[in-house]
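Subject: Structure for you to look at

Dear colleague,

I am handing over the structure below, and I would be glad if you opened it before reading on. My notes on what was found follow after it.

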Amino acid sequence: MYSAEFEYYRATSVAEAVELMRAHPGAKLLAGGHSLLPQMKLRVSQPAALVDISRAAELSGITLDGEMLRIGATTTHAALAASPVVSEHCAILSEAASLIGDQQVRNRGTIGGSLAHADPAADLPTVIVALGGTLTAASAAGPRDVLAGECFVDLFTTALTEGEVLTRVNVPAYGAGTGGAYAKHRHPASGYAVVGVAAIVTVSDGRCTRARLVVGGAQPNPVSASASEAALEGQPLNEATIAAAAAQVAQALPNPLSDHYASADYRRQLATVLARRALVTAAERAAER
Amino acid sequence: MRQSVTINVNGQRHTQEVEPRLLLAHFLRERLGLTGTNLGCDTSQCGACTVLLDGQAVKSCTVLAVQADGSSVTTIEGLATNGQLHPLQQAFWDNHALQCGFCTPGMIMAATDLLRRHPDPTEAEIRTGLDGNLCRCTGYENIVKAVRSVAEQSS
Ligand SMILES: Cc1cc2nc3c(=O)[nH]c(=O)nc-3n(C[C@H](O)[C@H](O)[C@H](O)COP(=O)(O)OP(=O)(O)OC[C@H]3O[C@@H](n4cnc5c(N)ncnc54)[C@H](O)[C@@H]3O)c2cc1C
Ligand code: FES
Ligand code: FES
């Protein structure tokens, strides 16, 4: 299948990408191409030009900077999944990356592309929101940081503006007593998350001091299950407290997505079950650190 | 606007003028006549079009030829050396790991990447490692056996 015609430009730096986007209205950034190219082949998307950022060296790579992990936007899912730094300091991210699609998809797809695309069934937006990450973006107006929790506005819609280049994802490294887990119900054909739940808990003196529980795939954007989070704080993490918290997840899902594979009710049920599983695993991992 | 690309395919450099929308799969099949790389779904699902791009398995129906400019590509035609089948090709033959053979080139290229990363994979690791490749004939059993047998030979 051929896409509609387009012009192709390759940016070797962020500055060049910003300038190319400014000079070519209607252009789209091309990272791994694993969301954009399938859409272009189906002619759902027909950009006049593509600005390929996959070769801009400053956009890739993972560094630990004090308490923060900084991940370049074009870092591939495969690189995230295989990174010893990520599995040591923010294991939920390598866990989620390793569950994306298949090996070929992970070899091409990038974290920046996944976040900018904001597919409700994607895995990384859910995890980055749960981690309380920030996204650094560049444009002619200069760089700025966007809170992940405020970035995912709607289906396929983010707070990034036209022409803005997401350059880096910043997430805090786990502190003492912190553990996380991502639990996903894979769509059997596509591999995407029908529902995915990210849980991150911190335990001190046998009690939960902080809990983050975020559900993706159920609503148009990742949502925090605030009632469940509040129910866990100050409690010991055991089967009973976790089940009680998971039972409140549905409150955060007022109008779940519904399609021929999974109805709204089924998605609510999945979210409840996956929340319990993710919390159990996160609590076990927190106890080991 | 056509652009010039230089892609090293199976050890040979090819420089050609291409439209940006030309897919790597079509570049290989139509420009270079390397028809071992198959197009099954053309929607990034089936893995029949898998090739190695700078050593990593990718679906060539979802990569533009211009994205591969300056890179090295290995296709199924590039695996045999001096008329000797690659160990994976031989193992697929020996284990009856193909029936119609349509999925086989992609399956073998994906397995090459898998064995590079995990030289001694368990059966479960082989199954998840190859889950980007669909086979409508074999039921996968003999494919898994073939990949396991290569791991055993080299360990
Ligand atoms: C068969 C298949 C299975 C998949 N399964 C899953 C799955 O299970 N889970 C999952 O989460 N995803 C899945 N994906 C999607 C995959 O993770 C994509 O790679 C990802 O969603 C997009 O990343 P990309 O680098 O390919 O982006 P592209 O396709 O290159 O770009 C996507 C969009 O983001 C924009 N963009 C890209 N980079 C930037 C940037 N730095 N700044 C601003 N905008 C940018 C582009 O302009 C475009 O609009 C699957 C894809 C396929 C083909
Ligand atoms: S033809 Fe490329 S994945 Fe099916
Ligand atoms: S052998 Fe026929 S599709 Fe695999």
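In the classes used here, Ala, Val, Leu, Ile, Met, Phe, Trp, Tyr, Cys and Pro count as nonpolar, Asp, Glu, Lys and Arg count as charged, and the others, Gly among them, count as polar. By that division, the shell around ligand 1 has 13 nonpolar, 14 polar and four charged residues. Please keep in mind that this is a predicted model.

Ligand 1 lies between chains A and B, and of the 31 residues around it, Leu29(A), His34(A), Leu36(A), Thr110(A) and Asp123(A) come nearest. In chain A, β2 (27-30), α7 (111-117) and β10 (165-172) each supply at least two residues of this shell, and the largest share, four residues, comes from α7(A).

Turning to the polar contacts, a polar backbone atom of His34(A) is 2.7 Å from an oxygen atom of ligand 1, while a polar backbone atom of Gly101(A) is 2.9 Å from an oxygen atom of the ligand. In the case of Asp123(A), a polar side-chain atom lies 2.7 Å from a nitrogen atom of ligand 1. Of the 970 Å² of accessible area that ligand 1 has on its own, the protein covers 95%.

There is also a pair of helices to look at in chain A, where the axes of α11 (residues 239-246) and α12 (residues 264-287) come within 9 Å and cross at roughly 145 degrees, in a right-handed crossing. From α11(A), Ile242(A), Ala243(A) and Ala246(A) meet residues of α12(A) including Thr272(A), Ala275(A) and Arg276(A).

Best wishes

Note on methods:
Residues are numbered from 1 along each chain as its sequence is written. Chains are lettered from A and ligands numbered from 1 in the order in which they are written. This is a predicted model: local features need pLDDT of at least 70, side-chain atom pairs count only at pLDDT 80 or more; totals for chains, interfaces and linings use all residues. Side-chain values use heavy atoms; hydrogens and water are left out. A residue is near a molecule or strand if one of its heavy atoms lies within 4 Å of it. A polar contact is a pair of N or O atoms within 3.5 Å; within protein, one must be able to donate a hydrogen and the other to accept it, and residues adjacent in sequence count only if both atoms are side-chain atoms. Accessible areas come from the Shrake-Rupley method with a 1.4 Å probe; for residues, only the protein chains shown count as cover. Axes are lines fitted to C-alpha atoms, for helices over the stretch in contact, and angles run from 0 to 180 degrees between N-to-C directions. A crossing is left-handed if the near helix is turned anticlockwise from the far one by less than a right angle, and right-handed if clockwise. Contact means heavy atoms within 4.5 Å.
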